[in-house]
Amino acid sequence: MMKFVNVTFWRNAESAESHSKMAHSTGLVQAILFEAADRDNIGGSAYGGQRSICCTPDLAKLEGCKQGEVIRRPSSDDPDWPVVIDTHFSANHLFVKLDDEEVHITKTGMYNLFFISCDPKLRGLAMSGKTIWRNPGGYLPGRMAPLMRFYVFMSLAYLLVMVVWFSNYIRFWRDILPIQNWITLVIALGLFEMTLWYFEYLNFNSSGVRPVGITTWVVTVGAIRKTVSRLLILSISMGYGVVRPTLGGLTSKVLLLGLTYFLASELLDISENVGTINDISGKAKLFLVLPDAFLDAFLILWIFTSLSRTLEKLQARRSSVKLDTYRKFTNALAVSVIASVVWIGYEVYFKATDPFSERWQSAWIITAFWDVLAFVLLIVICYLWAPSQSSQRYAYSGEAVDDDVEEAQPLTKGFDGDVGMVKIDKDRNVGATSAFSLEDDEAEEDKRE
């Protein structure tokens with residue numbers, strides 16, 4: 001169902017004054033509602049020339065259309081479609097109101113609504129009002145409806161992970177590592193975000209309105225979750241709690257990057273979810289997408305640079321179990337990056353080959369993929385750094401250990417063992433470093449340790 005509500009057309013004073021007070025029809029505006037598959041039934045071309053929506057003198061002879069009106073040919077499936085609704089200005093009135101009528105849509109599809117005036121005197125026409133669209137299941141657009149069910153599934157998945165993780169967290173609370181506290185926070189934020197998205201969609205589906213305040217709040221929680229998740233991966237890659245007790249002088253740079261990423265992600269998500277669709281132009285949207293993409297690329301570079309140095313340290317110190325854990329983590333990250341690049345390519349292909357959104361029924365997968373990928377990577381991290389009775393034995397300690405003892409104690413299995421790190425000097429002299437020189441920053445931190 002589609003309904004017009006208080007749709008009013010306004011013409012300029014010059015156009016209105018060109019007509020007398022006694023004239024009957026002094027301007028025509030047409031509303032055209034059609035399915036994307038029937039788009040070729042709107043308009044025509046004379047002698048193979050440029051396609052025109054309005055009927056011209058030549059097209060009137062060829063098509064039999066009425067000059068000054070929109071060309072419409074009946075659909076092969078339903079002769080009543082496309083639907084054309086005429087609204088006429090009267091006398092020299094400045095405005096005219098379209099009747100508040102409903103159009104019942106019986107066929108599933110992607111529908112478009114155009115307001116067109118073929119009268120050159122109505123150039124500069126303005127309009128106000130709104131249209132209400134409702135599907136049999138509610139007000140959610142068809143391309144968004146599957147996401148509501150998806151967020152239910154994701155909320156349950158996060159809840160299951162939270163129950164399993166938190167039960168082990170409580171069980172081994174005396175041996176919890178700082179990095180495991182951050183993992184707990186990411187799980188909680190993920191559960192909170194998925195639940196909020198579900199209720200936001202549920203409200204939209206039942207009321208037909210997306211309150212700006214509620215949607216902004218949901219988007220903000222999502223931006224926080226994405227930021228904390230990326231900083232968690234970066235901290236793990238730097239060996240936080242494993243080859244170094246703290247991030248030292250890198251802490252301020254990590255936090256600065258996190259704050260910058262949060263702002264970029266927040267602005268981008270607000271532009272995509274808050275307000276009316278297509279409020280922002282393509283160039284403005286690109287201006288918001290590029291910083292987010294650049295920061296993601298920079299984070300990936302920093303993460304793999306840090307991972308390389310951490311692996312070198314663990315290999316030099318013959319920390320076999322930790323080395324094996326970090327190799328698994330590196331492989332998981334590499335797979336996720338490759339999957340992301342492939343999916344971005346598919347997303348570009350999907351949008352480029354579907355300009356009229358005819359594949360709307362599968363469009364929700366584009367959004368869902370990123371949530372699933374983030375969840376899978378979180379599961380890998382939860383597995384590799386699961387709370388256990390031997391968690392503290394694998395934390396940074398600064399004491400030399402017997403490698404044979406370490407070999408017998410898997411990190412995630414919970415067996416007893418005594419593992420430490422090779423003792424290093426704790427010289428805290430701070431050197432000057434560049435905020436964007438990753439290798440120099442890491443090398444400087446090695447000196448400080």
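One definition before we click: a residue is called buried when its relative accessible area is under 20%, exposed when that area is over 50%, and partly exposed in between. Also keep in mind that this is a predicted model.

**Stop 1: helix H6.** Select residues 251-273, the run that makes up helix H6. Colour its buried residues: Lys253, Val254, Leu257, Gly258, Tyr261, Ala264, Ser265, Glu266, Leu268, Asp269, Ser271 and Asn273. Now check the length of H6: from first C-alpha to last, its 23 residues reach 32 Å, close to the 33 Å expected at 1.5 Å a residue.

**Stop 2: helix H5.** Step back to residues 212-237 for helix H5. How many residues of H5 are buried? The count is 19 of 26, so H5 is mostly covered, given that buried means under 20% relative accessible area. Then click on Gly239, which follows H5 and has a positive phi, near 85°.

**Stop 3: the H3 and H4 pair.** Show residues 145-171 (helix H3) together with residues 178-207 (helix H4). Their axes are 9 Å apart, and the packing angle is about 155°. Angles over 145 degrees count as roughly antiparallel, and H3 and H4 are therefore roughly antiparallel to each other. The crossing of H3 past H4 is left-handed. What classes of residue make up the contact of H3 with H4? Colour by class and you get 20 nonpolar residues, 7 polar ones and no charged ones.

**Stop 4: the disulfides.** A disulfide is a covalent bond between the sulfur atoms of two cysteines. Searching the whole structure turns up 2 disulfides.

Start with Cys54 and Cys118, whose sulfur atoms are 2.0 Å apart. This pair links distant parts of the chain, 64 residues apart: Cys54 is in the loop between strand E2 (27-35) and helix H2 (57-63), and Cys118 is in the loop between strand E6 (111-116) and strand E7 (126-133). The torsion about the S-S bond of Cys54 and Cys118 is about -85°, so that disulfide is left-handed. Cys118 is buried, at 18% relative accessible area.

Next, pick Cys55 and Cys65, joined S to S at 1.9 Å. Is this one left-handed or right-handed? With a torsion of about 75° about the S-S bond, the disulfide of Cys55 and Cys65 is right-handed. Cys55 lies in the loop between E2 and H2 and Cys65 in the loop between H2 and strand E3 (83-89), so this bond ties together parts 10 residues apart in sequence. Cys55 and Cys65 are both buried. Counting bonded cysteines along the chain, the pattern is 1-4, 2-3.

**Stop 5: two long-range pairs.** Select Ile32, which is in strand E2. Ile32 is buried, with a relative accessibility of 0%.

Finally, go to Ala334 in helix H8 (residues 320-352). Ala334 is partly exposed, at 27% relative accessible area. Its C-alpha is 8.9 Å from that of Phe304, with 30 residues separating Ala334 and Phe304 in sequence.

Key. Residues numbered from 1 in each chain as written. Predicted model: local features only at pLDDT ≥ 70, side-chain atom pairs only at ≥ 80, totals over all residues. Heavy atoms only, no water. Helix = DSSP H or I, 4+ residues; strand = E, 2+ residues; numbered from the N terminus. Expected span 1.5 Å × (residues − 1). Buried < 20%, exposed > 50% of the residue type's maximum accessible area, 1.4 Å probe, protein only. Axes fitted to C-alpha atoms, helices over the stretch in contact; angles between N-to-C directions. Parallel < 35°, antiparallel > 145°, perpendicular 65-115°, else oblique. Left-handed = near helix turned anticlockwise from the far one by under 90°. Nonpolar A, V, L, I, M, F, W, Y, C, P; charged D, E, K, R; others polar. Disulfide = S-S within 2.5 Å.
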